[in-house]
Amino acid sequence: MELPMAAAIAVLFASGTYMILRPNLIRLVMGFGLYSNATNLLLITVGGYTRNSGAPFAGKDPKSAVGLMDPLPPDIILTAIVISFAVGALMLIICYRVYADHDTDNPELLPVDDDFAPAGEGAPAMTRGAFKAAVGRGDHPPAHGLSPTPRPADRHAADREERR
Amino acid sequence: MNSLILPLLVPFLTGLVLALLNGWYRLEKVVVLLSSLGLTAWIFWLIFYVDAHGVQAVIVGGWSAPWAVAFVADRLTCIMLGLSIGLSTIVQIYTFWTVTEQQQKYFFYPLMQIMLLGVNWAFITGDIFNLFVAYEVMLIGSYGMMMAGASKAQVRQALKYVAINSIGSTLFVVGCGVIYATVGTLNMADLAVRTAALTGQRAGMVTAGSMLLLVVFALKAAAFPLIYWLPDSYPVVPPGINGYFAGLLTKVGVYSLLRVFVMCFRQEGHEFANTVLLFLSGLTMLFGVLGAMCRWDIRRILSWHIISQVGYMVMGIGLAGSVDPRVVQLAVSGTVFYIVHHIVVKSCLFLIGGIAERVSGSQDIRQMGGALILAPGVAGLFLVAALSLAGMPPFSGFLSKFVLAQAGLAGGNYLVVAISIITGFLTLYSMSKIWSYAFWGERCREAAGARYRGMMAPTAVLVIFTIVMGIWAQPFLGIATRAADTLMQPGEYIQVVMRAGQTQQQKAADPADGLHLAHLRQEGR
């Protein structure tokens, strides 16, 4: 049973890595979901899962431990699931806030924080794209450049500012 | 020793109460103050108790020893708990003057308590998977603290911080799985017993699993290739709390490295991890200090210095791979001493940075000029802390670097010692840059009438601590050496953990400790 499990774990980890490396915030969160599933599969395999082994505490013969899988890995998996669920929810909220603030879900278009950025939002912040475009045109880089293709109205961010 | 549960229970309950008191801004501060002071008093009692009576342990949940989660307090744990709780008290008193009602409304103090809970948990737990849970609790608290105020820059940086730490968490669980598959236990004491007997292929598997943990801990500690998240994310943490971040959060990683790679993994070829760490430490020191030299933002300069300082501690853990037990003892006790020094001085510098920002109204040291005239007391505090960080003789920084350099020379690792000394000089350069731009020079602007005197008192406590630790170092070095001995020869630790869940009758019936510890006691490391 180990070989198919290993293959499944490998595929999940590979696709998770691919998703995380995409420049897209939602794929980032989904990539971490795949990572967490891959990890849990790995832990099941570690617990000695075979086609014939029963779940812990519910084996064929409840009085003997023969044929049961190790009960500790499922325990670890339960904890890991709860934690990855909580962190995933938090990450979704942060991604939404980033999208609402900057009107883009592409992390590469977010302002680069160099010196002094956190002091206030008026600090100079510029994207690599805007910088390249400015350098290409030969003029001075703009002080503020968030998205190269600004969308009509940043409704979410405006609402949020009002509510604050 | 059921009271070992207190460093977890008190912050947890305080956090809950504070969450219910949301909106009663003054009452919240009173509750924080009482809870922190009480816990600080208790932890100082525990340090002296454990130093006198040896390791204490408590088993949770009624299972017997190697399966149940154990909370263990040996000397190293007590030192770390003392620093964590003491520093959280100081930092929270400092924030009484900086926190805004807006921040308090969004659960500033409850999240701080949750973070404290996670940090304490990471120090006191005796189980590797439980350490993972502690990390997550600590991280969730720190995500909240990082976003206190929710400005755009904070949310942006929190995203990076959450993402890189989630990768770390994944690797952590995978590492736990690999080690559990090979050794069959995750209890630290049991690991130390079982890995000592491993050779050949199985030892290789454990080394592979431990490398995953090394990546995770190095990520948390910000060791060389995994440093770039730190100088971006720490500057957005609210002032005051960034002192706690700078002092404690990376040191949780260093503590885990120390605990796991000096005490737990004893299989054949375990020195490989130490060699890797030694290699990384030199690069960490150099990159950290070079990054700091070209910055002008005071928070960023200090953040980059955290990285270079972590390099020294990682160097100590790397030197602990030596075959000579005397070198190992020097290296480990030097690392413990360095952790104490670093936590105190680094958080102190962040707190002073916060005051200097408030006095001058800027984060750019070129615009801070003349703070010496505006606030001479702050300048005095900064001078002591900065010289201590760079390793000037009367203060604690000198001794901690001296012990590590001694260990390096005794072990024949001349190159890394040379790098550490160069890093010390470059740190001095960077500190004198802050001094000459921010404190000397023309006054750039009028004082905004900022009130900062209340923030001085908690900062001064830390400055006094580094002076005392430098001049009256013997008791500190003594407890650091005894903590190193427990790590190197964990016989007592293992015995206490294994017997923690037993009743008196079981203990009497099983005089041989139920374990074959003789080889561990004699072999040492």
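A crossing of two helices is left-handed if the near helix is turned anticlockwise from the far one by less than a right angle, and right-handed if clockwise. By that rule, the crossing of helix 14 and helix 19 of chain B is left-handed. Helix 11 of chain B, by contrast, passes helix 14 of chain B in a right-handed crossing. This is a predicted model. Chains A and B touch through 29 residues of chain A and 32 of chain B.

**Helix 14 against helix 19 (chain B)**

- Helix 14 and helix 19 (residues 453-471) of chain B pack at an angle of about 150°, and their axes are 9 Å apart.
- Angles over 145 degrees count as roughly antiparallel, and helix 14 and helix 19 of chain B are therefore roughly antiparallel to each other.
- From helix 14 of chain B, the contact takes in H341(B), V344(B), V345(B), S347(B), C348(B), L351(B), I352(B) and I355(B).
- Helix 19 of chain B answers with M455(B), M456(B), P458(B), T459(B), L462(B), V463(B), F465(B), T466(B) and M469(B).
- By class, this contact of helix 14 with helix 19 of chain B holds 13 nonpolar residues, 4 polar and no charged.

**Helix 11 against helix 14 (chain B)**

- The axes of helix 11 (residues 241-264) and helix 14 of chain B come within 7 Å and cross at roughly 165°.
- Helix 11 and helix 14 of chain B are therefore roughly antiparallel to each other.
- On the helix 11 side of chain B, the contact residues are N242(B), G243(B), Y244(B), A246(B), G247(B), L248(B), K251(B), V254(B), L258(B) and V262(B).
- They meet V332(B), T335(B), I339(B), I343(B), K346(B), S347(B), F350(B) and L351(B) in helix 14 of chain B.
- The contact of helix 11 with helix 14 of chain B divides into 11 nonpolar, 5 polar and 2 charged residues.

**The largest nonpolar core**

- This core has 224 residues.
- C176(B), V336(B), I352(B), A385(B) and V497(B) touch the most other members.
- Leaving out residues up to four places away in sequence, I352(B) touches V378(B), L381(B), F382(B), A385(B) and T459(B).

**M431(B)**

- M431(B) lies in helix 18 (residues 414-439) of chain B.
- With 24 other C-beta atoms within 10 Å, M431(B) is buried; the cut-off is 20 or more.
- Beyond its neighbours within four places in sequence, M431(B) is in contact with A386(B), L389(B) and A390(B).
- M431(B) and A385(B) are 46 residues apart along the chain, and their C-alpha atoms are separated by 9.7 Å.

- Helix 6 (128-146) and helix 7 (152-183) of chain B each supply at least two residues of the side of chain B that touches chain A.
- Helix 7 of chain B contributes the largest share of that side, 17 residues.
- The side of chain B that touches chain A comprises 18 nonpolar, 6 polar and 8 charged residues.

**Chain A**

- Chain A contains 5 helices and 2 strands.
- From the N terminus on, its elements run α-α-α-β-α-β-α.
- Of the 164 residues in chain A, 26% are buried.
- Among contacts in chain A with a separation of 6 or more, 48% join residues 24 or more positions apart.
- L72(A) is in helix 3 of chain A.
- L72(A) is partly exposed, with 18 other C-beta atoms within 10 Å.
- The C-alpha atoms of L72(A) and R97(A) are separated by 38 Å, with the two residues 25 apart along the chain.

- Most residues other than glycine have a negative phi.
- D103(A) has a positive phi, near 60°.
- D103(A) sits in the loop between helix 3 (72-102) and strand 1 (125-126) of chain A.
- D103(A) is partly exposed, with 18 other C-beta atoms within 10 Å.
- A222(B) also has a positive phi, near 60°.
- A222(B) is in the loop between helix 9 (200-221) and helix 10 (230-233) of chain B.
- A222(B) is buried, with 27 other C-beta atoms within 10 Å.

Technical notes. Residues are numbered from 1 along each chain as its sequence is written. Chains are lettered from A and ligands numbered from 1 in the order in which they are written. This is a predicted model: local features need pLDDT of at least 70, side-chain atom pairs count only at pLDDT 80 or more; totals for chains, interfaces and linings use all residues. Two residues are in contact if their C-beta atoms, placed from the backbone, lie within 7 Å. Helices (H or I, at least four residues) and strands (E, at least two) are DSSP runs, numbered from the N terminus. Ala, Val, Leu, Ile, Met, Phe, Trp, Tyr, Cys and Pro count as nonpolar, Asp, Glu, Lys and Arg as charged, and the others, Gly among them, as polar. A nonpolar core is a set of buried Ala, Val, Leu, Ile, Met, Phe, Trp, Tyr and Cys residues joined through C-beta atoms within 7 Å. A residue is buried if 20 or more other C-beta atoms lie within 10 Å of its own, exposed if 12 or fewer, and partly exposed in between; C-beta atoms are placed from the backbone. Axes are lines fitted to C-alpha atoms, for helices over the stretch in contact, and angles run from 0 to 180 degrees between N-to-C directions. Angles under 35 degrees count as roughly parallel, over 145 as roughly antiparallel, 65 to 115 as roughly perpendicular and the rest as oblique.
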